Amino acid sequence: MSEPLLLGLETSCDETSAAIIQGEHQVLGHVILSQDVHAVFGGVVPELAARAHLQRVDEVVREALRQADRRIEDMDGVAVTAGPGLIGALLVGVAWAKATAFALDLPLVPVHHMEAHLFGPAIEDTEAGPPFVALLVSGGHTILLFAQEWGRYRLLGETRDDAAGEAFDKVAKVLGLPYPGGPALETLAEKGDPEVHALPRPMLRSNQRPGDSDYFDFSFSGLKTAVAMLVKELEDAGRLDSERANVAAAFQYSAVDVLASKTMRAVEETRCRRVLLGGGVSANRSLRTEIERRLAGDGRVFYASPRLSLDNGAMVARAGLFHLRREEVRALDISADAKLPFPGLLRGDSQ
Ligand code: KG4
Ligand code: ZN
(Lines give C-alpha, C1' and ligand atoms only; values in the text may rest on other atoms or scores of the structure.)
(Ligands and ions follow the chains in the order given, each with its own letter.)
Protein backbone atom coordinates (compact mmCIF):
# COMPACT_ATOMS: atom_id res chain seq x y z
CA MET A 1 0.00 0.00 0.00
CA SER A 2 1.33 3.44 -0.82
CA GLU A 3 2.11 5.90 1.95
CA PRO A 4 -0.70 8.27 2.97
CA LEU A 5 -1.00 11.64 1.27
CA LEU A 6 -1.70 14.57 3.53
CA LEU A 7 -2.49 18.21 3.02
CA GLY A 8 -1.10 20.45 5.80
CA LEU A 9 -2.39 23.97 6.21
CA GLU A 10 -0.82 26.67 8.37
CA THR A 11 -2.41 30.11 8.99
CA SER A 12 -1.67 30.80 12.67
CA CYS A 13 0.28 34.03 12.20
CA ASP A 14 1.55 35.82 9.10
CA GLU A 15 2.49 32.96 6.78
CA THR A 16 -0.15 31.33 4.59
CA SER A 17 1.27 27.91 3.86
CA ALA A 18 0.11 24.62 2.40
CA ALA A 19 2.02 21.41 1.79
CA ILE A 20 1.32 18.02 0.31
CA ILE A 21 3.35 15.26 1.91
CA GLN A 22 3.47 11.55 1.22
CA GLY A 23 4.51 9.48 4.21
CA GLU A 24 7.01 10.92 6.67
CA HIS A 25 9.68 12.32 4.39
CA GLN A 26 8.38 13.24 0.95
CA VAL A 27 7.28 16.82 0.47
CA LEU A 28 5.58 16.78 -2.94
CA GLY A 29 4.36 20.35 -2.94
CA HIS A 30 4.99 23.26 -0.58
CA VAL A 31 4.02 26.91 -0.74
CA ILE A 32 4.86 29.47 1.94
CA LEU A 33 3.46 32.91 1.35
CA SER A 34 4.80 35.51 3.79
CA GLN A 35 2.45 38.41 4.19
CA ASP A 36 4.22 41.67 3.50
CA VAL A 37 1.35 43.94 4.60
CA HIS A 38 2.75 44.05 8.15
CA ALA A 39 6.18 45.50 7.35
CA VAL A 40 4.99 49.13 7.34
CA PHE A 41 3.50 48.67 10.83
CA GLY A 42 6.67 47.06 12.25
CA GLY A 43 4.70 44.04 13.52
CA VAL A 44 1.82 41.70 12.71
CA VAL A 45 -1.61 43.38 12.60
CA PRO A 46 -4.07 40.56 13.45
CA GLU A 47 -7.00 41.78 11.32
CA LEU A 48 -4.78 42.29 8.28
CA ALA A 49 -3.27 38.83 8.78
CA ALA A 50 -6.72 37.19 8.83
CA ARG A 51 -7.80 39.08 5.72
CA ALA A 52 -4.62 38.21 3.83
CA HIS A 53 -5.04 34.51 4.70
CA LEU A 54 -8.61 34.62 3.42
CA GLN A 55 -7.56 36.24 0.16
CA ARG A 56 -4.74 33.80 -0.57
CA VAL A 57 -5.58 30.44 1.03
CA ASP A 58 -7.28 28.99 -2.06
CA GLU A 59 -4.45 29.78 -4.43
CA VAL A 60 -1.78 28.65 -1.94
CA VAL A 61 -3.44 25.21 -1.66
CA ARG A 62 -4.02 25.05 -5.41
CA GLU A 63 -0.36 25.76 -6.11
CA ALA A 64 0.82 23.14 -3.58
CA LEU A 65 -1.45 20.57 -5.29
CA ARG A 66 -0.17 21.63 -8.71
CA GLN A 67 3.46 21.17 -7.62
CA ALA A 68 2.57 17.73 -6.21
CA ASP A 69 0.61 16.85 -9.34
CA ARG A 70 -2.26 15.63 -7.17
CA ARG A 71 -5.90 16.55 -6.71
CA ILE A 72 -7.48 17.42 -3.40
CA GLU A 73 -9.63 14.27 -3.79
CA ASP A 74 -6.42 12.18 -3.68
CA MET A 75 -5.68 13.22 -0.09
CA ASP A 76 -5.99 10.77 2.78
CA GLY A 77 -6.45 13.55 5.30
CA VAL A 78 -6.36 17.29 5.95
CA ALA A 79 -4.19 18.57 8.81
CA VAL A 80 -4.59 22.14 9.99
CA THR A 81 -3.06 24.31 12.70
CA ALA A 82 -5.88 24.73 15.22
CA GLY A 83 -3.82 26.84 17.67
CA PRO A 84 -2.13 28.54 19.37
CA GLY A 85 -1.92 31.74 17.36
CA LEU A 86 -3.98 34.73 16.28
CA ILE A 87 -7.61 33.73 16.49
CA GLY A 88 -8.78 35.44 13.28
CA ALA A 89 -5.86 33.98 11.35
CA LEU A 90 -6.38 30.47 12.76
CA LEU A 91 -10.09 30.60 11.93
CA VAL A 92 -9.38 31.01 8.22
CA GLY A 93 -7.34 27.79 8.05
CA VAL A 94 -9.65 25.83 10.33
CA ALA A 95 -12.80 26.89 8.44
CA TRP A 96 -11.12 26.04 5.12
CA ALA A 97 -10.03 22.61 6.36
CA LYS A 98 -13.42 21.81 7.90
CA ALA A 99 -15.28 22.75 4.75
CA THR A 100 -12.91 20.67 2.60
CA ALA A 101 -13.00 17.65 4.91
CA PHE A 102 -16.80 17.83 5.00
CA ALA A 103 -17.22 18.23 1.24
CA LEU A 104 -14.83 15.36 0.40
CA ASP A 105 -15.47 13.21 3.44
CA LEU A 106 -11.80 13.31 4.46
CA PRO A 107 -10.33 12.79 7.94
CA LEU A 108 -9.63 16.13 9.64
CA VAL A 109 -6.61 16.36 11.94
CA PRO A 110 -6.17 19.43 14.18
CA VAL A 111 -2.51 20.21 14.90
CA HIS A 112 -0.84 22.22 17.68
CA HIS A 113 1.50 24.77 16.10
CA MET A 114 4.40 24.17 18.51
CA GLU A 115 4.12 20.40 18.30
CA ALA A 116 4.32 20.87 14.52
CA HIS A 117 7.65 22.72 15.03
CA LEU A 118 8.90 19.62 16.89
CA PHE A 119 8.25 17.58 13.76
CA GLY A 120 10.01 20.04 11.39
CA PRO A 121 13.49 18.43 11.53
CA ALA A 122 12.01 14.90 11.26
CA ILE A 123 10.83 15.57 7.70
CA GLU A 124 14.40 15.76 6.38
CA ASP A 125 16.24 13.63 8.89
CA THR A 126 15.11 10.12 9.80
CA GLU A 127 17.24 10.36 12.97
CA ALA A 128 15.45 13.44 14.33
CA GLY A 129 13.06 11.57 16.59
CA PRO A 130 12.76 11.02 20.35
CA PRO A 131 14.28 10.75 22.80
CA PHE A 132 15.46 14.36 22.66
CA VAL A 133 15.60 17.58 24.63
CA ALA A 134 13.76 20.21 22.59
CA LEU A 135 14.18 23.95 22.69
CA LEU A 136 11.20 25.49 20.90
CA VAL A 137 11.79 29.16 20.22
CA SER A 138 9.36 31.20 18.16
CA GLY A 139 7.70 34.59 18.07
CA GLY A 140 5.11 33.57 20.65
CA HIS A 141 6.69 30.75 22.66
CA THR A 142 9.86 29.62 24.41
CA ILE A 143 9.54 26.04 25.62
CA LEU A 144 12.14 23.60 26.91
CA LEU A 145 10.88 20.02 27.03
CA PHE A 146 11.96 16.43 27.04
CA ALA A 147 10.39 14.11 24.47
CA GLN A 148 10.38 10.51 25.62
CA GLU A 149 8.51 9.50 22.49
CA TRP A 150 6.32 11.30 19.97
CA GLY A 151 3.16 12.46 21.73
CA ARG A 152 4.66 12.19 25.22
CA TYR A 153 6.48 15.28 26.42
CA ARG A 154 7.70 16.60 29.77
CA LEU A 155 7.77 20.36 30.21
CA LEU A 156 11.00 21.52 31.81
CA GLY A 157 10.83 25.28 31.39
CA GLU A 158 9.12 28.11 29.55
CA THR A 159 9.27 31.87 29.37
CA ARG A 160 7.67 33.87 32.11
CA ASP A 161 7.20 36.94 29.93
CA ASP A 162 8.34 37.62 26.35
CA ALA A 163 9.17 34.84 23.92
CA ALA A 164 12.71 34.64 22.53
CA GLY A 165 11.59 35.61 19.01
CA GLU A 166 9.58 38.50 20.40
CA ALA A 167 12.74 39.78 22.12
CA PHE A 168 14.67 39.56 18.82
CA ASP A 169 11.84 41.44 17.07
CA LYS A 170 11.55 44.16 19.72
CA VAL A 171 15.30 44.72 19.95
CA ALA A 172 15.47 44.86 16.15
CA LYS A 173 12.77 47.54 16.20
CA VAL A 174 14.64 49.61 18.82
CA LEU A 175 17.71 49.39 16.55
CA GLY A 176 15.64 50.60 13.58
CA LEU A 177 15.75 47.28 11.69
CA PRO A 178 12.87 46.16 9.46
CA TYR A 179 10.24 43.60 10.51
CA PRO A 180 10.58 40.62 10.99
CA GLY A 181 13.51 41.52 13.15
CA GLY A 182 15.20 38.20 13.92
CA PRO A 183 17.02 37.59 10.61
CA ALA A 184 17.96 41.29 10.24
CA LEU A 185 19.32 41.37 13.77
CA GLU A 186 21.38 38.24 13.16
CA THR A 187 22.93 39.79 10.04
CA LEU A 188 23.78 43.01 11.88
CA ALA A 189 25.15 41.11 14.90
CA GLU A 190 27.66 39.33 12.65
CA LYS A 191 29.31 42.71 11.99
CA GLY A 192 29.60 43.61 15.68
CA ASP A 193 31.69 42.76 18.70
CA PRO A 194 29.55 41.14 21.43
CA GLU A 195 31.90 42.17 24.22
CA VAL A 196 31.85 45.95 23.86
CA HIS A 197 28.59 46.27 25.80
CA ALA A 198 27.68 44.07 28.77
CA LEU A 199 24.06 42.99 28.95
CA PRO A 200 22.29 40.91 31.62
CA ARG A 201 21.57 37.17 31.39
CA PRO A 202 18.03 37.12 32.81
CA MET A 203 17.12 34.17 35.02
CA LEU A 204 20.59 32.67 34.63
CA ARG A 205 22.71 32.49 37.78
CA SER A 206 25.39 29.99 38.67
CA ASN A 207 23.86 29.33 42.11
CA GLN A 208 20.58 28.02 40.70
CA ARG A 209 19.95 24.35 41.42
CA PRO A 210 17.75 21.69 39.69
CA GLY A 211 14.53 21.98 41.82
CA ASP A 212 14.63 25.82 41.85
CA SER A 213 11.53 27.15 40.15
CA ASP A 214 13.57 29.31 37.77
CA TYR A 215 16.25 26.71 36.93
CA PHE A 216 14.84 25.96 33.47
CA ASP A 217 12.55 28.99 32.97
CA PHE A 218 13.31 32.00 30.81
CA SER A 219 12.65 35.73 30.96
CA PHE A 220 13.43 38.12 28.15
CA SER A 221 11.61 41.33 28.97
CA GLY A 222 14.39 42.66 31.24
CA LEU A 223 16.99 42.04 28.53
CA LYS A 224 14.85 43.92 26.03
CA THR A 225 14.54 46.86 28.47
CA ALA A 226 18.30 46.82 29.11
CA VAL A 227 18.89 47.12 25.34
CA ALA A 228 16.35 49.95 25.06
CA MET A 229 18.15 51.86 27.85
CA LEU A 230 21.56 51.27 26.28
CA VAL A 231 20.28 52.46 22.90
CA LYS A 232 18.87 55.62 24.48
CA GLU A 233 22.18 56.30 26.23
CA LEU A 234 24.16 55.84 23.00
CA GLU A 235 21.69 57.98 21.10
CA ASP A 236 21.98 60.82 23.61
CA ALA A 237 25.76 60.60 23.32
CA GLY A 238 25.49 60.69 19.49
CA ARG A 239 27.18 57.28 19.23
CA LEU A 240 24.29 55.04 18.22
CA ASP A 241 25.10 54.75 14.52
CA SER A 242 28.63 53.54 15.12
CA GLU A 243 27.53 51.18 17.93
CA ARG A 244 24.44 49.58 16.37
CA ALA A 245 26.19 46.36 15.30
CA ASN A 246 27.90 46.01 18.69
CA VAL A 247 24.55 46.35 20.48
CA ALA A 248 22.96 43.74 18.18
CA ALA A 249 25.89 41.40 18.82
CA ALA A 250 25.73 41.90 22.61
CA PHE A 251 21.99 41.19 22.65
CA GLN A 252 22.33 38.05 20.53
CA TYR A 253 25.27 36.87 22.65
CA SER A 254 23.25 37.27 25.82
CA ALA A 255 20.03 35.67 24.46
CA VAL A 256 21.95 32.74 22.96
CA ASP A 257 23.92 32.25 26.19
CA VAL A 258 20.69 31.99 28.21
CA LEU A 259 19.02 29.66 25.69
CA ALA A 260 22.08 27.42 25.34
CA SER A 261 22.79 27.32 29.09
CA LYS A 262 19.24 26.26 29.98
CA THR A 263 19.28 23.69 27.17
CA MET A 264 22.50 22.23 28.55
CA ARG A 265 20.93 22.06 32.02
CA ALA A 266 18.13 20.00 30.45
CA VAL A 267 20.74 17.77 28.78
CA GLU A 268 22.36 17.15 32.18
CA GLU A 269 19.05 16.59 33.97
CA THR A 270 17.69 14.10 31.42
CA ARG A 271 21.08 12.58 30.53
CA CYS A 272 19.97 12.84 26.93
CA ARG A 273 22.54 14.39 24.60
CA ARG A 274 20.21 14.64 21.63
CA VAL A 275 18.93 18.20 21.24
CA LEU A 276 16.26 19.38 18.84
CA LEU A 277 15.85 23.05 17.98
CA GLY A 278 12.50 24.17 16.59
CA GLY A 279 10.60 27.38 15.81
CA GLY A 280 11.67 30.47 13.90
CA VAL A 281 14.58 31.42 16.21
CA SER A 282 16.12 27.99 15.56
CA ALA A 283 17.11 29.44 12.18
CA ASN A 284 19.67 31.54 14.10
CA ARG A 285 23.14 30.25 13.22
CA SER A 286 24.75 31.52 16.39
CA LEU A 287 22.22 29.57 18.52
CA ARG A 288 22.82 26.40 16.51
CA THR A 289 26.59 26.59 16.66
CA GLU A 290 26.66 27.52 20.36
CA ILE A 291 24.62 24.46 21.32
CA GLU A 292 26.73 22.27 19.02
CA ARG A 293 29.87 23.70 20.63
CA ARG A 294 28.63 23.01 24.17
CA LEU A 295 27.72 19.44 23.30
CA ALA A 296 31.33 19.20 22.12
CA GLY A 297 30.83 16.62 19.42
CA ASP A 298 29.42 14.20 21.96
CA GLY A 299 25.74 14.21 21.06
CA ARG A 300 23.53 15.41 18.26
CA VAL A 301 21.77 18.66 17.46
CA PHE A 302 18.81 18.49 15.11
CA TYR A 303 17.29 21.46 13.33
CA ALA A 304 15.40 21.88 10.11
CA SER A 305 16.52 23.73 7.00
CA PRO A 306 15.43 27.40 7.09
CA ARG A 307 12.26 26.76 5.08
CA LEU A 308 11.10 24.12 7.54
CA SER A 309 12.21 26.10 10.64
CA LEU A 310 9.93 29.04 10.00
CA ASP A 311 6.15 28.61 9.89
CA ASN A 312 5.22 26.15 7.15
CA GLY A 313 2.55 23.69 6.09
CA ALA A 314 4.88 20.69 5.76
CA MET A 315 5.51 20.44 9.51
CA VAL A 316 1.75 20.67 10.09
CA ALA A 317 1.16 17.82 7.64
CA ARG A 318 3.97 15.78 9.27
CA ALA A 319 2.54 16.25 12.79
CA GLY A 320 -0.91 15.53 11.33
CA LEU A 321 0.36 12.23 9.91
CA PHE A 322 1.47 11.16 13.38
CA HIS A 323 -1.98 11.92 14.83
CA LEU A 324 -3.78 10.41 11.84
CA ARG A 325 -1.93 7.15 12.41
CA ARG A 326 -2.99 7.22 16.04
CA GLU A 327 -6.54 7.73 14.77
CA GLU A 328 -6.70 11.10 16.48
CA VAL A 329 -8.99 12.34 13.78
CA ARG A 330 -11.59 14.85 14.73
CA ALA A 331 -15.17 15.35 13.80
CA LEU A 332 -16.16 18.61 12.25
CA ASP A 333 -16.75 20.16 15.67
CA ILE A 334 -13.13 21.34 16.03
CA SER A 335 -12.57 25.03 16.45
CA ALA A 336 -9.62 27.35 16.39
CA ASP A 337 -8.19 27.97 19.86
CA ALA A 338 -5.76 30.85 20.35
CA LYS A 339 -4.48 29.20 23.53
CA LEU A 340 -4.66 25.54 22.55
CA PRO A 341 -2.82 23.41 25.16
CA PHE A 342 0.21 21.44 23.95
CA PRO A 343 -0.98 17.82 23.47
CA GLY A 344 0.76 15.22 25.61
CA LEU A 345 2.75 17.83 27.54
CA LEU A 346 3.08 17.00 31.22
CA ARG A 347 4.52 19.35 33.81
CA GLY A 348 7.33 18.56 36.26
CA ASP A 349 8.26 15.01 37.18
CA SER A 350 4.91 13.45 36.42
CA GLN A 351 6.22 10.92 33.93
O1 KG4 B 1 8.07 29.98 14.28
P2 KG4 B 1 7.99 31.32 13.65
O3 KG4 B 1 8.25 31.42 12.17
O4 KG4 B 1 6.57 31.95 13.92
C5 KG4 B 1 5.93 31.82 15.15
O6 KG4 B 1 5.42 30.70 15.42
O7 KG4 B 1 6.01 32.80 15.92
O8 KG4 B 1 8.98 32.26 14.43
C9 KG4 B 1 9.09 33.61 14.11
C10 KG4 B 1 10.12 34.25 15.02
C11 KG4 B 1 10.17 35.75 14.84
O12 KG4 B 1 10.19 36.34 16.11
C13 KG4 B 1 11.48 35.96 14.09
O14 KG4 B 1 12.08 37.21 14.34
C15 KG4 B 1 12.31 34.84 14.65
O16 KG4 B 1 11.42 33.74 14.69
N17 KG4 B 1 13.46 34.51 13.77
C18 KG4 B 1 14.75 34.63 14.15
C19 KG4 B 1 15.53 34.28 13.02
N20 KG4 B 1 14.68 33.94 12.00
C21 KG4 B 1 13.42 34.09 12.50
N22 KG4 B 1 15.30 35.01 15.31
C23 KG4 B 1 16.64 35.03 15.38
N24 KG4 B 1 17.46 34.73 14.35
C25 KG4 B 1 16.95 34.33 13.16
N26 KG4 B 1 17.76 34.02 12.13
ZN1 ZN C 1 5.93 29.02 14.49
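Mentor: What follows is a set of questions about labels in this predicted model, each answered by setting a value against its cut-off.

Trainee: Why is Gly157 called buried?

Mentor: Gly157, which lies in strand S8 (residues 152-158), has a relative accessible area of 1%, and because buried means under 20%, the label applies.

Trainee: How do you know that the span of helix H2 agrees with its number of residues?

Mentor: At 1.5 Å a residue, the 18 residues of H2 (residues 87-104) should span 26 Å, and the end C-alpha atoms are 25 Å apart, which agrees. The buried residues of H2 include Leu90, Val94 and Trp96, and what covers the buried residues of this helix includes strand S1 (5-10) and helix H1 (46-68).

Trainee: What makes the pair Arg201 and Asp257 a salt bridge?

Mentor: The N to O distance between their side chains is 2.7 Å, and a salt bridge requires a distance within 4 Å, so the pair qualifies. The pair links distant parts of the chain, with Arg201 in the loop between helix H5 (181-189) and helix H6 (221-236) and Asp257 in helix H7 (residues 240-270), 56 residues apart.

Trainee: Are Arg201 and Asp257 buried or partly exposed?

Mentor: Asp257 is buried because its relative accessible area of 17% is under 20%, whereas Arg201, at 26%, lies between the 20% and 50% cut-offs and therefore counts as partly exposed.

Terms used
Residues numbered from 1 in each chain as written. Chains lettered and ligands numbered in written order. Predicted model: local features only at pLDDT ≥ 70, side-chain atom pairs only at ≥ 80, totals over all residues. Heavy atoms only, no water. Helix = DSSP H or I, 4+ residues; strand = E, 2+ residues; numbered from the N terminus. Buried < 20%, exposed > 50% of the residue type's maximum accessible area, 1.4 Å probe, protein only. Expected span 1.5 Å × (residues − 1). Contact = heavy atoms within 4.5 Å.
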